[in-house]
Amino acid sequence: MSTVLLREDDGLWTIGPTGTPAFPAAAPPLDTMVLEVVGGHLGWNLLAGDEVPAAVLHDLDEAQEWLWAVYGERVALAVADRQAVELPAEPALPALVAQARRLAYAHWAARWWPASTIDGIPALDQRLLDTEIATLTEACESIVDGADADLEPVQAAPVTLGRAGDYALAAGSGGRHGELVFGRGSGGWDWRRCPPGLVDASEHAVSWELTRAEGTTLVRVLAVAAPRLGAPPTHLRPRALLDTSVGAIDTELHLVGDTWQGSASTSAETVAGVHVYVPGVGPDTPSPAGHDERERIRDLVAARLRRATTDDLLLAEIAAAASDSDF
């Protein structure tokens with residue numbers, strides 16, 4: 001039987017499985033599945049396979065509507081009495097908890113699913129995902145609140161992109177006619193810094209090259225577009241911030257075919273890194289631990305798509321696996 005720890009810090013109450021850190025309310029990591037509920041938020045760690053959620057409560061009285069169902073009567077009474085204590089988690093409605101976790105995962109997939117033409121991870125069908133989110137939201141209507149209680153689907157027009165081999169600027173044979181290529185590289189990008197569905201989620205999606213011709217040095221950036229890319233509004237188009245030997249260079253990216261592309265003149269001789277972002281989205285700086293976390297998420301998603309049993313998969317995952325010969 002799992003146990004949970006009730007604690008209070010600066011007026012904010014949290015509930016979490018014993019031995020785990022407090023639920024990160026402000027900026028949860030990529031693998032945190034979050035569900036807005038009456039009087040607070042529930043969260044599960046995807047990579048850890050959490051079944052018992054953590055909770056952040058901003059209104060203890062409102063949260064009494066569901067605490068007994070998710071954690072049991074003893075936990076609900078302890079919260080009502082403002083007791084910092086460790087207790088067994090004995091959900092009165094385990095089926096509701098399972099549905100809530102599935103809904104949190106569906107919302108997570110809508111935001112963080114690592115669709116990639118390069119890595120061969122198919123995109124999820126947005127209509128199927130919207131339909132399942134709506135169904136699960138109705139099933140969890142007794143606890144969900146705020147934006148996560150909204151049943152209005154968001155549709156995206158799919159666009160079919162090319163093949164993985166079409167995109168490797170960094171692996172190209174050389175610069176344009178008459179150009180000297182003296183630097184190139186490739187890498188990933190921080191998923192938190194762009195809305196979903198803009199850029200391919202691969203660690204090889206972003207590439208750059210430094211070229212020189214007729215006394216002018218040019219840095220070019222290419223980012224592979226996400227599968228099923230719609231038509232993003234101007235204010236959501238990505239940009240690229242390059243760390244170079246002469247300082248930062250910020251350039252617009254424009255959609256050309258299946259890739260986001262940009263360029264700028266520079267006197268730089270080296271490029272240390274490229275950060276793709278949309279202004280106002282996510283943190284101001286990329287996560288230093290992002291690469292490993294993203295790799296683990298890709299591995300988990302690929303493993304889910306390869307499962308022989310589909311009982312716990314979303315309908316959109318089942319359709320994605322069926323549409324891709326690799327799965």
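What does helix 1 (residues 60-71) span between its end C-alpha atoms, and what would a straight helix of 12 residues span? Helix 1 spans only 14 Å, whereas a straight helix of that number of residues would span 16 Å at 1.5 Å a residue. The model is predicted. The chain holds six helices and 14 strands, and buried residues make up 45% of its 327 residues. Of the contacts in the chain with a separation of 6 or more, 65% are between residues 24 or more positions apart.

**Helix 1 and its ends**
- At the start of helix 1, a side-chain oxygen of Asp59 comes to within 3.2 Å of the backbone nitrogen of Asp61.
- The buried residues of helix 1 are Leu60, Ala63, Trp66, Leu67, Ala69, Val70 and Tyr71.
- An α-helix has 3.6 residues a turn, so residues three or four places apart point the same way.
- After helix 1 comes Gly72, with a positive phi near 105°.

**Nonpolar core**
- The largest nonpolar core has 82 residues, and the members that touch the most others are Ile15, Leu57, Trp66, Leu67, Tyr71, Trp108 and Trp113.
- Helix 3 (residues 94-112) supplies the largest share of this core, with 10 residues.
- Among these members, Trp66, Leu67 and Tyr71 are also listed as buried residues of helix 1.
- Beyond its neighbours within four places in sequence, Trp113 is in contact with Tyr105, Trp108, Ile121, Pro122, Ala123, Leu124, Val301, Leu305 and Glu317.
- In soluble globular proteins, nonpolar side chains tend to be buried together.

- Five strands form an open sheet in the order 7-8-9-13-12, with antiparallel pairing.
- Strand 7 (180-187) and strand 12 (254-256) are the edge strands, each pairing on one side only.
- On average, neighbouring strands of this sheet are turned by 25° against each other, direction ignored.
- Strand 12 and strand 13 (residues 259-265) run antiparallel and are joined by three bridges.
- His254 stands opposite Gln261, a residue of strand 13.

**Glu209**
- Glu209 lies in strand 8 (residues 206-213).
- Is Glu209 buried or exposed? Glu209 counts as buried because its relative accessibility is 4%, and the cut-off for buried is under 20%.
- The side chain of Glu209 makes a polar contact of 3.2 Å with the side chain of Arg184.

Conventions:
Residues numbered from 1 in each chain as written. Predicted model: local features only at pLDDT ≥ 70, side-chain atom pairs only at ≥ 80, totals over all residues. Heavy atoms only, no water. Helix = DSSP H or I, 4+ residues; strand = E, 2+ residues; numbered from the N terminus. Buried < 20%, exposed > 50% of the residue type's maximum accessible area, 1.4 Å probe, protein only. Polar contact = N/O pair within 3.5 Å; in protein donor to acceptor, adjacent residues only side chain to side chain. Pairing = 2+ DSSP bridges. Axes fitted to C-alpha atoms, helices over the stretch in contact; angles between N-to-C directions. Expected span 1.5 Å × (residues − 1). Core = buried A, V, L, I, M, F, W, Y, C linked by side-chain atoms within 4.5 Å. Contact = heavy atoms within 4.5 Å.
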